[in-house]
Amino acid sequence: MNIPFLDNWLGRHGDERGKREPATAVDTDPERAEAVAELLSECELLRVRAGQAGLELDDSPGSLSALDQLPPRWRDDPEELPWLGNDAGLYLGTVIVRTVPGAHWHVWPGGHPVVRLASGREISVVEAGLEWAVNGAPELSQVYAEAAEA
């Protein structure tokens with residue numbers, strides 16, 4: 001998913017627009033990485049919907065399993081579905097970044113966030129979240145388990 005405001009924000013905070021990967025500084029600047037991680041962890045719509053179902057999202061792997069068990073009522077609203085899927089992917093990424101050693105956010109040009117593992121493997125968490133929201137698979141906890149094993 002393209003997040004243009006994030007790319008614009010990164011550009012205003014020291015990136016040279018001519019670089020091949022203008023957002024790479026997120027990987028090397030701890031202060032900037034923390035700011036991006038905080039921004040991506042908001043997932044407001046998902047947190048509200050989970051709260052309405054009695055689930056508090058605490059950024060733990062267990063909360064991903066709990067999300068997998070929720071009845072997919074969001075599928076009844078085609079306008080909300082992609083937004084909730086986007087939030088689910090960002091939440092998945094947040095849990096991975098906070099709990100898997102060496103995992104961090106990487107934002108590609110154009111604002112596409114991925115989680116980069118210590119091995120160098122990248123996980124397109126937003127796509128995984130959208131697939132989960134639309135189809136129920138792969139389960140968020142399954143994607144997390146694969147990331148934790150890598």
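I took helices (H or I, at least four residues) and strands (E, at least two) as DSSP runs, numbered from the N terminus. The model is predicted, so I kept in mind that local features need pLDDT of at least 70 and side-chain atom pairs pLDDT 80 or more, while totals for chains, interfaces and linings use all residues. Residues are numbered from 1 along each chain as its sequence is written, and side-chain values use heavy atoms, with hydrogens and water left out.

Entry on the elements. I counted eight helices and three strands in the protein chain, and from the N terminus on I read their order as α-α-α-α-α-α-β-β-β-α-α.

Entry on the sheet. I found an open, antiparallel sheet of three strands in the order β1-β2-β3, where two strands pair if DSSP finds at least two bridges between them. The edge strands, each pairing on one side only, are β1 (104-108) and β3 (122-123). Between β1 and β2 (residues 112-116) I noted five bridges, and I saw that Trp105 has Val115 in β2 as its bridge partner.

Entry on Trp132. Leaving aside neighbours within four places in sequence, I listed its contacts (heavy atoms within 4.5 Å), including Leu67, Trp74, Leu84 and Pro138.
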